[in-house]
Amino acid sequence: MAWEPMHDQPYTPVPYRPARMSADDSRRTAAALRAKMDQRRTVRAFSPDPVPEQVVVDAIAIAATAPSGAHQQPWTFVLVTDPDIRARIRAAAEEEERLSYAGRLGEQWLSALRPLGTDRHKPHLTDAPYLIVVFEQRYYLDGDEQHKHYYVDESVGIAVGMLLTALHLSGLAALTHTPSPMRFLSEVLGRPRNEKAFAVVPVGYPADDATVPDLVRKDLDQVLVWR
Ligand code: IYR
């Protein structure tokens, strides 16, 4: 059945009876996923090598299964392959970043970024074979009528997390890039006024000479509190 806006629809519960996984299978699955996810790194240097398109499409479909406020699914994923559009996005993003790194971010922010080694150059926007530009729908636009969406940032954030997980587990590298401000993305990609750019996710394989900063994750006991 095709999706339709749900406001004013009645509550219609249906049975949900997924097969229960054995505790042993659960433990094995979680441990394997934990080890695999610990290997994920944000990549900023991409190979121009093509990646299987269906993997990217499947990852977007997986992201779109995310839970969302009032099940409003307030996201749009724009999959950009056109080199001219990527070049325009890069030019506009680098102009914003030039201002950001020249001082707009402020000294405290710039010093927080120093260990990441980022700068105003954004070659990933043209080198990676795919850009997924994620938009959040602030409201649903039904002709001229607007229906507010709820918990939009939280919902789209969860969806992007699932996107990054799906890409990583499928063998692809990605970056969560938020050129700021991102208004130019609506213009370049011709998005409607109810949508606001949330993040740009370049996807591909790491460049042969890619490096990543030597970062350390917090230990589990620094992030997990038992009561
Ligand atoms: N948007 C800029 C700055 C930047 C900000 C944060 I917070 C980062 O984690 C990384 C970079 C850029 O993309 O360079």
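Visitor: Which ligand atom is 2.5 Å from an N or O atom in the side chain of Lys122?
Guide: An oxygen atom of the ligand. A polar contact here is a pair of N or O atoms within 3.5 Å. This is a predicted model: local features need pLDDT of at least 70, side-chain atom pairs count only at pLDDT 80 or more, and totals for chains, interfaces and linings use all residues. Residues are numbered from 1 along each chain as its sequence is written, and side-chain values use heavy atoms, with hydrogens and water left out.

Visitor: Which residues surround the ligand?
Guide: Arg44, Glu97, Tyr101, Trp109, Leu113, Leu116, Lys122, His177 and Thr178. A residue counts as near if one of its heavy atoms lies within 4 Å.

Visitor: And what is the distance for Tyr101?
Guide: An N or O atom in the Tyr101 side chain is 2.4 Å from a ligand oxygen. For Glu97, a ligand nitrogen is 3.1 Å from a side-chain N or O atom.

Visitor: New topic. Which residues of helix H2 are buried?
Guide: In H2 (residues 53–63), Val55, Val56, Ala59, Ile60 and Ala63. Buried means under 20% relative accessible area (1.4 Å probe, protein chains only). Helices are DSSP runs of H or I, at least four residues; strands are runs of E, at least two.

Visitor: Why are they on the same side of H2?
Guide: Because they cover an arc of only 135° around the axis. The arc is taken from the directions from the helix axis to the C-beta atoms.

Visitor: What covers them?
Guide: The cover includes strands S1 (75–80), S2 (130–137) and S6 (195–204), plus helix H6 (152–169). Contact means heavy atoms within 4.5 Å.

Key
Polar contact = N/O pair within 3.5 Å; in protein donor to acceptor, adjacent residues only side chain to side chain. Buried < 20%, exposed > 50% of the residue type's maximum accessible area, 1.4 Å probe, protein only.
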